[in-house]
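Welcome! Let's take a friendly walk through a structure, one piece at a time. Have the picture ready, and we will begin with a pair of strands.

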Amino acid sequence: MGEFFRRIYFFLNQRKLDRELAQDMAVHREMLGDDRKDFGNPTLLAEQSHEALGWGWLERLVQDLRYGFRILVKNPGFTLIAMLALGLGIGANTALFSVVYGVLIKPLPYTQGNQLVVLKQTAAAPMKGMQHNGMASMNNVAFSALDITDYRKQTRAFSLLEEYHSMGFILLDGQEPTRVTTGVVSAHFFDMLGIKPLYGRLFNDGDETKESDAVLVLSYPYWKNHYGGDPSIIGRHFRMNDRVHTVIGVLPPVPQYPRENDVYMTTVACPFRSSPMMAEHRDHRMVELFGRLKPGETVESGTSDLGVIVSRLEKTYPESYPPQGLNVSMESLRTRLTEDVRPMLLILLATAGLVLLIACANVANLALARMMRREQELAVRAALGASRGRLVRQLLTESTLLSVGGGLLGLILASQCLALLVTFVSRFTTRAAEVNISLPVLLFTLTLSLLTGLIFGAAPAFSQRTNLVNSLKEGNNSATIKTDGNRIRNLLAVGQVAISFILLIGAGLMIRSFVKLQQLDAGYNGDHILAANIPLNFSKYKNNQDNLLFFDSLKQKLQATPGVLGVAFDSGAPLAPGSPMNQDFQVEGQPNTDRDGMQQTSFEVASSNAFRLLGIPVLSGRNFTDQDKDQAPPVAIVNRTFARHYFPNEDPLNKRITPDKGKTMLTIVGVVGDVKQFGLDKDPVDTVYLSMAQFSMAYTVLIKTAGDPLNYASQLRKAVFSIDKDQPITDVKTLDELRGDSLAATRITSILLALFAALALIIAATGLSGVTALLVSQRTREIGIRLALGAQRGEVLAMVVKQSMRVILIGLGVGIVVALLVSRVMSKLLFDTPPTDPATFAGVALVLLCVALVASYVPARRVTRVNPLIALRAE
Amino acid sequence: MAKNEMLPGTLGMLVLRVLQPGALHGYAIAQRIHTLSNDLLQVEEGSLYPALQRMLIKGWVRAEWGISETNRKVRFYKLTAAGRKQLQSEMTDFGRVLQGIHAVLNKA
């Protein structure tokens, strides 16, 4: 039997053993006879012997816990407030940490996810141009099929290079026609990620030859939602793009990268990707490229490897590369997936941390106040032989008990609101799907709870008086000012004011950005307009004529509907999610070589009445007319940014541009106002509008209505189905909704920050109230004397308020200095608002001052009710 | 050294040593040490019982019920094999330390 088991045996039988020990000692005392008094204090002896068993720490802990629990239950008010404050703080931190952990910390759920990279090709920025356009992505260039073939052949750093692009196709499975987001990938895309199929198989080389049958892999959510998770789906045939597609596999429920798709097909099944255009033209760049680095290779070595290949290709095929060449760079997939959300998440986590800190300070203050009332109890315990360490331990046990309770509450809160947070974050990254309350999160919460307990427990535990005698002598109504405790309390109050100020500044800046974005003139009037996408099935509608026929009859049907004021078509509604379709172009008479790089612009298609319907002004020249038909000379309307940019000193009217090296010459017939098509916070991009009558690819219908536009959604559906029952309609939304959606991220961030700030303000205000109230009660006697000697109540009130004002002003000062130093971290989230925006600082300071004044004035008013006689007798 | 003080750390060894010939109860242990030391050493009861508890846990001694000279039921402490080994090693260690001390005291 080892010592360990003996210890446990002793522990379990301690009562019996204690009895036996007592017996031994009794006999010993008897035998000592006359010398009995030499034996010492039998109780103490018994205890010391008992200690020797080595279980003292556990017994003391159990004792402390039991006692602490009793104390907490006896003070339900304090316990409840403290647990609530801590629970909110810890809950917010737990929820945010689980998001940060799932999105930013956890490794990608793929085999050796760190070896996965996203490749990027950029054209050297033209001399004029890019800076003006303000979008970093402007000069991003996709990859062509021929590029990729050469890269694969020549690379030494990559074990796999796989292409990807995403398109919407119409899938017919015998039921309702559905538009599916389709990932078009090369054969080893899933091998590269290291994904194994849930059912069936994934793609292999045999699926990517010209003779291959079209095959599909379904994503887990699509399979679950549309086919009820039926495993017999393998082998089913669907029609897409006028071909039979066979389902060969289902993906496991892993988060999909780079974005969510409903189904996946290989490159040969995609009608665009497999077109001769794509397969044979090196400058037809349309796909994204991902790679798996060989073991030991890094982003740097991979970049130089591809750089060598690209410069070799540039020499071989000079006509397919811009004069300045292309730059290949890469970024780890992990960074790429989270870079948009990282600053916001970290700021939110920091905010939550500060809220918890305020909660800690506040609970510490409460606990300090309670300590004053408990001083006698503690003094008695100390007098009876409890060591200082023992008392500290007791107090820390109590605070830890409290904070662990708060932590539990926080965990419940966090699990309740996590779903909301995940929905929010999924706007920015597909990694949101990986967020859950996992073991590391639980450990984080536990650590945080224990730490919290120690932090707020430390103040009261170590501020204990050492002078027992005084504590014992003092009456319960001690009126002596306890300067020591007060200093800590004032310090805590200063901290609370300072932190609330910082949080309020964060929220204030965010809200200001949001308001600015909301009031921004986006260049169009979206009032009472319904937008919907009608992605015509190009295998059915083969040319301009077919498209125009469909849209014309749709327009007629809709216009016949009462309440419809106008119908127009467009290639994309303003502020609908998406990015510009950039394309190379040249201006006639302006040689491209002058510009040292690729010259790209966004191309849009609009019907002749689209500008009028959207309230976009024609600044010069003319609108599209019915005469701009198929056979008529092709025309273009450019936006103001384009005109200023490419024709700074001349009239753009009647100049000609070409998107295809001279095959099509577009004559500029008009200039229209700029529209913030791709985001309120983004500058307008260079845009060329083509006439719908000539280039019919305007798949977005815009309906101006008399009443609520959403009421017309069913009419739209009826109209479309009456023309073609197989035609899906997607993204039915009003323009106001689209504008609202584009601000959702800013709005939710504002709301979250404001929520945290409000929470902090409330906690800090109660803290200030508490400090002032205590101050008043401590000085009751002094105030009584003052009043008795003839002081005016107003003067006394002013004196008390002045004292709390000092705390507030110091806190405010500290807050302003710190906020000025750290608000810079917010700049990525802000729009048109400097992080040190004076108006925000002034406004927030004013709000905080008012709240703080009220918070200290209310308890201070109690001094006016002090009755000098009673106050003096109170001692 | 005052008569009732003991070199720290030596109590355990002395207890083990006096238990070597046979089991004793607490009082007898104290008495035996007192007598054997020519009344020089006085075992503090305050240290004896905690020490015995520790030795029980370590497994160096075992407690058995017996009857005292005064006809009371009392625990007799008995050396175990582990206790014997412990005593041996403590005595060796102590002897070495003592030698060292002697050497210093005589030469310095």
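## A strand with two partners

In chain A, strand 4 (residues 178-185) and strand 9 pair in the parallel sense over 4 bridges. Two strands count as paired if DSSP finds at least two bridges between them, and strands (E, at least two residues) and helices (H or I, at least four residues) are DSSP runs numbered from the N terminus. Strand 9 of chain A also runs antiparallel to strand 6 (residues 214-218) of chain A, joined to it by 3 bridges. Strands of a sheet pair through backbone hydrogen bonds, either parallel or antiparallel.

Which residues stand opposite A:Met265 in strand 9? A:Val184 is one of them, and A:Leu216 is another. Now look at which way the side chains of strand 9 (residues 263-266) point: A:Val263 and A:Met265 go one way, A:Tyr264 and A:Thr266 go the other way, and all are buried. In a regular strand the side chains alternate between the two faces of the sheet. Here, buried means that 20 or more other C-beta atoms lie within 10 Å of a residue's own; exposed means 12 or fewer, partly exposed is in between, and C-beta atoms are placed from the backbone.

## What kind of model this is

This is a predicted model, in which local features need pLDDT of at least 70 and side-chain atom pairs count only at pLDDT 80 or more, while totals for chains, interfaces and linings use all residues. Residues are numbered from 1 along each chain as its sequence is written, and chains are lettered from A and ligands numbered from 1 in the order in which they are written.

## Domains and cores of chain A

The domain assignment of chain A gives domain 1 (3-54), domain 2 (57-110 + 342-476), domain 3 (125-324), domain 4 (496-521 + 743-875) and domain 5 (535-728). Such bounds come from an automatic or database domain assignment. Taken over C-alpha atoms, the centres of domain 1 and domain 5 of chain A are 96 Å apart.

A nonpolar core is a set of buried Ala, Val, Leu, Ile, Met, Phe, Trp, Tyr and Cys residues joined through C-beta atoms within 7 Å. The largest one has 95 residues, and those touching the most other members include A:Val355, A:Phe501 and A:Ala760. At least three residues of this core come from each of domain 2 and domain 4 of chain A. A second, separate core of 58 residues includes A:Tyr110, A:Leu116, A:Phe190 and A:Val215. Beyond residues up to four places away in sequence, A:Ala760 touches A:Leu354, A:Val355, A:Ile358, A:Ile499, A:Ser500 and A:Leu503.

## Where the two chains meet

How many residues of chain A are in contact with chain B? There are 22, and they contact 18 residues of chain B. Two residues are in contact if their C-beta atoms, placed from the backbone, lie within 7 Å. On the chain A side, two or more residues come from each of helix 1 (3-12), helix 2 (14-32) and helix 3 (42-51). Helix 2 of chain A gives the largest share, 9 residues.

This side of chain A divides into 9 nonpolar, 6 polar and 7 charged residues. In that count, Ala, Val, Leu, Ile, Met, Phe, Trp, Tyr, Cys and Pro are nonpolar, Asp, Glu, Lys and Arg are charged, and the others, Gly among them, are polar.

## A look at chain B

Chain B has 4 helices and 3 strands, in the pattern α-β-α-α-β-β-α along the sequence. Of its 108 residues, 31% count as buried. The C-alpha trace of chain B spans about 55 × 30 × 20 Å along its principal axes.

The strands of chain B form an open antiparallel sheet in the order 1-3-2. Strand 1 (24-25) and strand 2 (61-67) of chain B each have a single partner strand, so one side of each has no neighbour in the sheet. Strand 1 and strand 3 (residues 73-79) of chain B are joined by 2 antiparallel bridges, with B:Tyr77 as the bridge partner of B:Leu24.

## Two asparagines in loops

A:Asn654 has a positive phi of about 70° although it is not a glycine. A:Asn654 sits in the loop between helix 20 (640-646) and strand 19 (656-658) of chain A. Is A:Asn654 buried or exposed? A:Asn654 is exposed, because 9 other C-beta atoms lie within 10 Å.

B:Asn38 is not a glycine either, and has a positive phi of about 55°. B:Asn38 lies in the loop between helix 2 (26-36) and helix 3 (45-58) of chain B, and is exposed, with 7 other C-beta atoms within 10 Å.
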